[in-house]
Amino acid sequence: MDLLPKHSDGGLARAPKLWRPRRVVITRSALTWAHGREIAARAALLGSEVLELATDRVTLPKSSDERAAYKTAKSTLAIVVAPPGKRRLQPIPPSADWRFDLAEGCHAHCQYCYLAGSLAGAPITRVYANVEEILAGLADYVGQGSVTSASEARAQEGTTFEASCYADPLGVEHLTGSLSEAVRFFGAWEAPVQLRFTTKFDGVEPLLGLAHGRRVRVRMSVNAAPLIRFEGGTSALADRLTALGRLARDGYRVGLTVAPIQPIDGWREAYHALFAQVATELQGIADLDLTAELITHRFTPKSKAVLQGWYPGTVLDLDEQRRSRKLTKFGSTKFVYPAPLMREMRDTLSAMLDQQLPSARLLYWT
Ligand code: SF4
């Protein structure tokens, strides 16, 4: 078992700040998996308090103080087993044919976190002990995709599997090693498949030097510099870009997830500066395969309520009056920017991308 991340490219990048959960709990079922026990051992080495549960139920100390409950949950890592229901894959348009999960939840504090609208309950980070079983289940879905596989422009990516819908798997990789397992799995999988994930963290050392077979695309989640202050507990923007460059030099396919795009004062200049920083970081990389996904800010009544509960002092713009109301395909409401503003932002940012990062393929705007 590797207990600590390796530096395999001898790079000069600053050592990443790695999360140390205050408390780690491992369920009875997770204890039966070697991978689960290894995660617990790594956490103990880092100085976390590790508790072995006699059951599979993860609970937190009761608190009537919402703030204290939030802090306790965010500093807790639970090592659990993904049950069969969680191992049944779902399509995840427009990103990938299928979504699979190595973890659920995140310890960071982004005031516009997309998980607020999708995960219920206390924001604990749960990581899965049965990674071997999760990966073994993916083969059943090859050739069945209806998202990227059905797109003329993207079908050459093969069947795509997205691993960051409900978590930021790189943010816990120093504890789990699960992404490295997944990268090795896809690297050895001689089939038209692709592993995809996006991250706001820079701890890429464990992934460098792995035999990924160019079947992995890592996207860095980035935003205009004035918005990074909303992303508490994540890696600095410059460090994320350095990490992206290191991955690209290691032969990984890479990408930018520019999200959530917001028309803040001076947004044109701010996004121009962002793309310029990326261009500097990636210049001169042989075989660079770069994509971009442009995602505007949106919220639902539920995600707004959750985020305002977690971050009562937030100055994030969540004013429904300045948005258009849209119905999702499930019949619920979401608030997006009005169509003329959406068009203006889309045209401006796509043109900037063409000009500043001409090799980047824009996968979608939403
Ligand atoms: S890093 Fe991603 S998953 Fe984690 S809090 Fe921020 S937006 Fe949410």
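The model is predicted, so local features need pLDDT of at least 70 and side-chain atom pairs count only at pLDDT 80 or more, while totals for chains, interfaces and linings use all residues. Residues are numbered from 1 along each chain as its sequence is written, and side-chain values use heavy atoms, with hydrogens and water left out.

Begin by selecting the ligand, which is surrounded by C106, A108, C110, C113, Y114, L115, K200 and T234, a residue being near if one of its heavy atoms lies within 4 Å. Within this shell, colour C106, buried at a relative accessible area of 15%, and C113, buried at 14%; buried means under 20% relative accessible area, with a 1.4 Å probe and protein chains only.

Next, show the aromatic rings, which form 13 pairs in the structure, where rings of Phe, Tyr and Trp (its six-membered ring) pair if their centres lie within 6.5 Å, and planes over 60 degrees apart count as edge-to-face. Select W98 and Y141, an edge-to-face pair at 4.9 Å centre to centre with 65° between the planes; both W98 and Y141 are buried.

Finish with K74, whose charged end sits over the ring of W310 at 5.6 Å from its centre, and with R99, which lies over the face of Y166 at 4.1 Å from the ring centre; the criterion is NZ of Lys or CZ of Arg within 6 Å of the ring centre and within 35 degrees of the ring normal.

How values were computed: Buried means under 20% relative accessible area, exposed over 50%, partly exposed in between (1.4 Å probe, protein chains only). Rings of Phe, Tyr and Trp (its six-membered ring) pair if their centres lie within 6.5 Å; planes under 30 degrees apart count as stacked, over 60 as edge-to-face and the rest as tilted.
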